[in-house]
Amino acid sequence: MSLLEVDDLRVHYETGEGPVKAVDGVSFSIDPGENVGIVGESGCGKTTLADAILGILEENGSVAGGEIRFDGQDITDMSASERRRLMWNEISMIPQSAMNALDPVYTVRDQIVEAIFAHETMSNNEADERVRDLFELVGLDPERADDYPHQFSGGMRQRAMIAMALALEPSLILADEPTTALDVIMQDQILKRISALQDEINSSMMIITHDVSVVAETCDRVVVMYAGKVAEEGPADTIFDRPYHPYTLGLQGAFPNIRKPDQDLVSIPGHPPELIEPPTGCRFVDRCPLATEDCRTSEPPEVRTDDLRTFCHHTDKIDGGFRSRAGDRDAWKETVAAMEIQR
Amino acid sequence: MSEQIEDGEPMLRVENLQKRFRVDDGIVNAITNRLRGDDPSYVHAVDGVSFDLQKGETLGLAGESGCGKTTTGMTLTKLYEPSGGSIRYEGRDITDLEGEDLQAFRRNVQMIFQDPFESLNPKRTIFDTLVEPLKIHDIGNQQKRVARALEFAGLTPPEQFFDQFPHELSGGQRQRVAIARALVLDPDFIVADEPVSMLDVSLRAGVLQLLERMNKEYNLSVVYISHDLSLLRHMCDKLAIMYLGRIVEYGRTEEIIESPKHPYTKALVNAVPVPDPTIKRTRVELAGEVGDAIEVPTGCRFKDRCDEHLGDVCDQVSPPLERKADITGDRLVGCHLFESAEGFDPEAELVKSRSGDGSPVAAESDD
Amino acid sequence: MGIQDETADSIYTDLDEYAGVDDDRSEWSRFIARWRETFASQWRLLKQDTLVVFGIVTIAFFALVAVLAPYIAPHSPLERQYGDDGVLISQWHEPFWLGGEGGHILGTTAEGYDIFSQLVFGTRPALIVGFAAAVITATFGTMVALVAGYYGGRVDDVLMRLVDIAYGLPLLPTVILMVAYLGPSFFNVIIAVCLLQWRSSARVIRSQVLSLRERPFVQSARVAGASDWRIISRHIAPNVLPLTFLYAAFAIGWGILTEAGVSFLGLGDPSQVSWGTMLQSSHTYNAMSHGVWWWFVPPGICIALVVISGFLIGRGYEEITNPKLRRRN
């Protein structure tokens, strides 16, 4: 059975102009011990999705439909206290600005121990032992556990936050852009830790990022999101090698690859749609070079190809040549959004 | 040094550029420190940087945060006054320009900043923002020029943007406006500080293409500042890898990325994540942190994190950035692991420093 | 676009740099548009808050009363009234609606002055002090802040130590000392208020300037060759304007409070009736213990209304300058 199942989840934010449908019918699952990456541009709903799972949506946001099942149990209608028990014990998180998430007036050890005591009863010695293990796990010197956060560098603080997220041996860890604020070298070290953790402890991870290469390095499976919906989902290798959604192809082409200097950089013309009144049919229609009248009028069907789930009317065209053209700038010139700029 | 790479005076020549910032602790502490006889402490943000920039060339300055790449860029545009060394532009020393001369230089250099939300004045319309440089330099045909610049930046029709305020535009559009502003004076070179790192992935390529077009079609020289080597590889002819205020390796981009020589460059290149799960990288894990820019270490600045540390030479003798006998191509490397092609003998320097007053050598190559 | 066809070095090769008329878009119309935008956007945010609108309406109302005082007030504020029997009033009269004789709307004081007329004319000094204090402290504070924050270094050090000194001055004792030295005049009260109020606006706006100075759009202007004056006046000042208004609004309240306080202590201008002097004379005649509430309650309410209004407007500006305070909608 899957560890986490998100089933047709809808999250709305109430605003003066009507509800913003930030997450609109998203389904996917995470198996035990699996690292799943959620990829998309800002505003695609990936952070909202994480907030909904953690139960920390903004005041004006609410789950408007669907279920989030953890270990088979729907957590969307749990009471606040039940939910709290689940958090950190079973589901923990590495926040987006993890570098600044530590309290400057307590030592790192105190903060981790506090998190442990809040959920578990154990002796001080046991807790200290746990902190030592955690530090070793994330590659920090256990001798420095009594330092204050300001004595740590950014990368070390990030690792301390990872240690804290692991403190209660949760079965699922959510990491929201775990490396975005970091320099290349530190980013690399954190990515290495994340990959290593998967081998050392058997927890699952959900990694939210806009950075395709982070996903490529750490994840087994990838969910590509666009405008509040899943565009494509499947094993990382297949998503990178033979994707079927034009958006996935566009994202790939937009990322410079240090190993492929001659590759054209693709920009997907236009912007993601407003989510107050999203377009009917496919949400990617205005930016998609394959768009037809069908895309405008009807929602894209779920197409299963190889081991991918793709939501697109034109998966046949992808195989029929678009995949090889997608890395070409000119392939994106015929979209509605590109035409608008031309005019 | 670098001037040996190409013949003839380049458009821009930077020699031994330095920028120190005084650690400011207010008037009272400054006075008490002076009474006590303490020297004020300085942050050595840029500490002896040299390179050339040819017309139409693109150079990438890469390194971790705190390596001095942004300070170098801001000193080039004269946002900071250099504390030492020289900047020559078209054969003229512009290091200490002031008044009218500085104003004339300013027509030729522009800067593009990282954050499109911060780089436009929220209280001014797009037209106001773009026309300002023209007003300052008293250039005619203002409206046509502004329209032309906006059009080039892909904001068409330009008239539609004239009266808009920055908050009415998207991030990508704002960055295009920032580029249009940089172009409106028709400069010779542009310093672009992380020009796309704040933009959404799908918009980045569009802005990068724009920068590429400026360079290719109008022979504009661009200095890119970024920590993202994948991006620099795409955009730059030459690359300068910086560490703690110095360039440690300089040369053609492909050569550096394909076969990095300096241990730091190796670590940096190998740390870049690759968007392809089938490629497995060889990781070089760097121990420790970037050193202290206030108490700059003696000898090589990278010595504490270096796997290939040679001992006393690295500890005591600062490696000059120079050609190496055992490295082919137009490459300058500042590391004792390679043999100098310019006759610099680190062992001799070490002996000299020992027999001398015993103070560590801060060697510079004298060429 | 047609530009790509050219193989020239520049996208502007066909445009003469020195072509005669520089700009066919009117500088003035853009200037006006800019300010209209500035105020319109502030007004859009301000009017969302009912309390702010209440504050603005109240102050506007009192401003109107102050301007029209001679037409509204039935009597001159320092004209002694005669009773129905034709004798100078030497004991207070109740308002007519409490059965007081002479038809005085709010009765008379013990000296026989018409309270309503005093109240109407008292609006003038209150608002003059309020607005003068607001304009002078906000302007002066902002200017100090701009200079200190923009130039930094020693200039900043010196100016900020001055602010520290100003912070050391206690409000009322300083005012009392000044008035005692310079004589009790209306003008001196304004000077005293300004002397003490510029400090907080200067300090807060300076820190804003410090951060603006490093912002990329200011750097861009500098790279383009903009002079210090240009950067300060066009790039920094407009962006601290909401803060200036915030401190101006608070200064209205503080100015009026100080003026009332000083007058109440008998240090105000003796030739002028203000809400403070009204309170002072009611106090002298022990109005409170005699239950003559119509003498001291109306000026009290007026002071409270204007001061609260100033603070409410200030609070509205606080939401503009600090969007985190804004309610999500």
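In the predicted model, 50% of the 343 residues of chain A count as buried. The secondary structure of chain A comprises twelve helices and twelve strands. Along the principal axes, the C-alpha atoms of chain A occupy a box of roughly 65 × 45 × 40 Å. Among contacts in chain A with a separation of 6 or more, 67% are accounted for by residues 24 or more positions apart.

Between chains A and B, 35 residues of chain A are in contact with 37 residues of chain B. On the side of chain A that touches chain B, at least two residues each are supplied by helices H6 (184–200), H7 (212–218), H8 (236–241) and H9 (246–254) of chain A. H6(A) gives the most, with six residues. By residue class, this side of chain A consists of 18 nonpolar, ten polar and seven charged residues.

In chain C, helix H10 (residues 275–284) has eight of its ten residues buried and is therefore largely enclosed by the rest of the structure. The buried residues of H10(C) are Trp275(C), Gly276(C), Thr277(C), Met278(C), Leu279(C), Gln280(C), Ser281(C) and Ser282(C). Their cover includes three helices of chain C, namely H4 (115–151), H9 (228–264) and H11 (293–321). Following H10(C), Asn286(C) has a positive phi, near 55°.

Conventions
Residues are numbered from 1 along each chain as its sequence is written. Chains are lettered from A and ligands numbered from 1 in the order in which they are written. This is a predicted model: local features need pLDDT of at least 70, side-chain atom pairs count only at pLDDT 80 or more; totals for chains, interfaces and linings use all residues. Two residues are in contact if their C-beta atoms, placed from the backbone, lie within 7 Å. Helices (H or I, at least four residues) and strands (E, at least two) are DSSP runs, numbered from the N terminus. Ala, Val, Leu, Ile, Met, Phe, Trp, Tyr, Cys and Pro count as nonpolar, Asp, Glu, Lys and Arg as charged, and the others, Gly among them, as polar. A residue is buried if 20 or more other C-beta atoms lie within 10 Å of its own, exposed if 12 or fewer, and partly exposed in between; C-beta atoms are placed from the backbone.
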